Amino acid sequence: MLRSCKVYSLLGLAFLICALLSCGSRHDSDEYFVFVAANLQVPYWQTAGAGFSKAATQMKVRTDYLGPNSYDAKAERDAIGQAVQQKATGILLAVTDPALLKDAIDKAIAAGIPVITMDSDAPASKRLFFIGTNNYQVGVSGGHRLAQELKGKGNVVVFTMPDQHNMQDRLRGYRDALASTGIKITRVVDIQGDPRIAFDTTTQIIGKEKDQVDAFVCLEAQSGKEVAGVLNSYKITGKVVMAMDTDPETLDWINKGGIAATIAQKPYTMAFVGMQMLDNLYHHKPAALNTDWSKDSFAPIPSFVDTGSALIDKSNVDSFLQAKQSATGGQR
């Protein structure tokens with residue numbers, strides 16, 4: 001009888017421990033997380049989606065991967081509204097137009113749904129915090145490499161999307177890094193999310209201004225490969241191309257010498273960590289979602305999570321590709 005009591009006591013203790021630890025899982029069927037990406041067709045966002053999915057699979061929670069098939073801020077706003085209507089547990093958002101998306105973000109917060117921004121921020125909104133790259137430092141790193149490539153002098157054309165905060169910071173970093181050199185940014189082109197603008201503009205430049213431009217700086221993922229392709233087609237040599245992110249074609253142009261270097265962000269890590277932090281917010285909700293935690297020295301959440309970046313050139317592109325293959329299973 002005493003032995004039976006001991007067995008039941010041990011079973012009771014095991015049950016209590018299991019309850020406290022949720023038997024290895026503290027997740028339930030009510031959890032439903034949504035990742036709203038900027039452009040579902042771009043490899044950068046597909047890599048981010050793989051990170052989001054991996055974290056969700058580990059937690060065994062439901063998710064959706066929403067967003068437009070081109071850079072379309074209005075469609076992205078509609079995707080946020082869809083997530084709110086479906087009573088998402090949390091939203092991870094890649095911001096394209098912070099002004100246009102502000103109201104949609106604030107409505108989600110008002111509905112009790114935590115919103116975390118990634119890659120590009122919407123600081124004027126009520127989003128809880130931002131996960132991404134120190135984009136100013138990206139620009140500084142790129143500027144230093146560009147100065148090295150140009151040996152301190154030359155004229156530069158920049159391709160960007162100036163409404164996005166991340167690209168504003170990158171351009172500021174480039175300008176600061178080049179300030180003490182003889183390198184001048186002579187033109188800034190808004191590609192409006194359309195790589196054809198980079199293609200057409202580069203074609204026009206080499207037709208009329210070939211000797212007046214020494215380098216092309218691409219602050220977003222799509223234009224680097226377009227610039228390299230145009231220069232190659234017209235057999236133009238001696239121009240420096242600095243790219244952004246790790247689109248497969250961008251990496252291929254690095255191997256072929258058409259792009260000097262690119263700066264790799266960590267979209268997989270951003271989305272993986274974003275999913276984990278959304279889950280934590282579900283289980284440990286702050287007292288209020290609409291508090292400005294950035295001004296609170298004892299805030300339960302950060303203001304900014306820096307996931308880091310790295311410069312990729314011919315010396316390390318192969319090792320980068322091997323690491324990506326391992327992390328994503330070959331997903332582009």
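Strand 6 is joined by 8 bridges to strand 7 (residues 182-190), and the two run parallel. Within this pairing, phenylalanine 159 has valine 189 in strand 7 as its bridge partner.

## The model as a whole

The structure is a predicted model, in which local features need pLDDT of at least 70 and side-chain atom pairs count only at pLDDT 80 or more, although totals for chains, interfaces and linings use all residues. Residues are numbered from 1 along each chain as its sequence is written, and side-chain values use heavy atoms, with hydrogens and water left out.

The protein contains 11 helices and 12 strands, and its C-alpha trace spans about 95 × 40 × 35 Å along the principal axes. Of the 332 residues in the protein, 48% are buried.

An open sheet is formed by 6 strands in the order 2-1-3-4-5-11, and the pairing is parallel; two strands pair if DSSP finds at least two bridges between them. Strand 2 (62-66) and strand 11 (304-306) stand at the edges, where each has a single partner strand, so one side of each is left without a neighbour in the sheet. From one strand to the next, the twist averages 20 degrees.

Inside this order, strand 4 (residues 115-118) is joined to strand 5 (residues 129-132) by 3 bridges, with the two strands running parallel, and isoleucine 116 stands opposite phenylalanine 129 in strand 5. The loop between strand 4 and strand 5 holds serine 125, which is buried, with a relative accessible area of 9%. Apart from its neighbours within four places in sequence, serine 125 is in contact with Lys102, Ile105 and Asp106.

## Two packed helices

Two packed helices are described by the angle between their axes and the distance between the axes. Helix 8 (residues 223-233) and helix 9 (residues 248-256) pack at an angle of about 45 degrees, with their axes 9 Å apart; the axes are lines fitted to C-alpha atoms, for helices over the stretch in contact, and angles run from 0 to 180 degrees between N-to-C directions. Helix 8 and helix 9 are therefore oblique to each other, since angles under 35 degrees count as roughly parallel, over 145 as roughly antiparallel, 65 to 115 as roughly perpendicular and the rest as oblique.

On the side of helix 8, Lys225, Ala228, Gly229 and Asn232 meet Glu249, Thr250 and Trp253 in helix 9. The residues of this contact divide into 2 nonpolar, 3 polar and 2 charged, where Ala, Val, Leu, Ile, Met, Phe, Trp, Tyr, Cys and Pro count as nonpolar, Asp, Glu, Lys and Arg as charged, and the others, Gly among them, as polar.

## Alanine 327

Alanine 327 lies in helix 11 (residues 317-328) and counts as partly exposed, at 41% relative accessibility. Although alanine 327 and threonine 47 are 280 residues apart along the chain, their C-alpha atoms are separated by 9.6 Å.

Terms used: Helices (H or I, at least four residues) and strands (E, at least two) are DSSP runs, numbered from the N terminus. Contact means heavy atoms within 4.5 Å. Buried means under 20% relative accessible area, exposed over 50%, partly exposed in between (1.4 Å probe, protein chains only).
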